[in-house]
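Welcome! Open your viewer, switch to a cartoon view, and let's take a short walk through this molecule together.

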Amino acid sequence: MGRAAAGVVHRLTERRETLATVESLTGGLLAATIVEIAGASVVYRGGLVVYATELKESLAGVPKHLLAERGPVDADVAAALAEGGRQRCGADWGLATTGVAGPEPQDGKPVGLVFVAVAGPDGTEVRELHLDGGRDQIRGASVTEALRLLTEHAQRSGGVTAAAGGGGRGGYAAE
């Protein structure tokens, strides 16, 4: 996890872009992994831990009807979490996790079903994961995969300006 986080912090620092996180099943592990990296304060704006379903709506802005129709473990919910975090924290990038870490299935969704999402200036991407292992392994793999998704998405994306990126820290322009 640390290597993936270091890569994200380094890349976003070079690009002068910022990041926010919204976490459900990882319960703050994604944020903690990012802030373990020296220099993270340059890029990391903050985040939300929305473990309870109703907080996904009230804090992260996930539409109530979406949660009612599909439940919290869903690709569109993950996308809404990422975009909500990006907007609420004024960051260039939003990164989100939602899923079932176990030990039991949740609302008919199997243990190990995870959605990670990234929202950026050029759109949102969601990745569905089917992970094995216990709670710790699923949560750790979710963090790593979320960071990988952000890295891949940022590599395909050009630099952003403050206006396009939601007013990221300091109003940096792309280099």
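Predicted model: local features only at pLDDT ≥ 70, side-chain atom pairs only at ≥ 80, totals over all residues.

**Start at Leu-95**

Setting aside neighbours within four places in sequence, Leu-95 is in contact with Leu-19, Ala-20, Thr-21, Val-22, Leu-30, Ala-82, Ala-117, Val-118, Ala-146, Leu-147 and Leu-150.

**Widen the view to the cores**

Which residues have the most contacts inside the largest nonpolar core? They are Leu-19, Ile-34, Leu-95, Leu-147 and Leu-150, in a core of 29 residues. Now colour α1 (2–15), α2 (29–35), β3, β4 and α6: each supplies at least two residues of this core. The largest share, 7 residues, comes from α6. Apart from this core lies another one, of 19 residues, including Val-22, Ala-60, Val-73 and Ala-117. In soluble globular proteins, nonpolar side chains tend to be buried together.

**Now the sheet**

Next, select the strands. You will find an open sheet of 5 strands with mixed pairing, in the order β2-β1-β3-β4-β5. At its edges are β2 (44–49) and β5 (123–130), each pairing on one side only. On average, neighbouring strands here are turned by 15° against each other, direction ignored.

Zoom in on β4 (residues 113–120) and β5: they run antiparallel and are joined by 8 bridges.

Note on methods:
Residues numbered from 1 in each chain as written. Heavy atoms only, no water. Pairing = 2+ DSSP bridges. Helix = DSSP H or I, 4+ residues; strand = E, 2+ residues; numbered from the N terminus. Axes fitted to C-alpha atoms, helices over the stretch in contact; angles between N-to-C directions. Core = buried A, V, L, I, M, F, W, Y, C linked by side-chain atoms within 4.5 Å. Buried < 20%, exposed > 50% of the residue type's maximum accessible area, 1.4 Å probe, protein only. Contact = heavy atoms within 4.5 Å.
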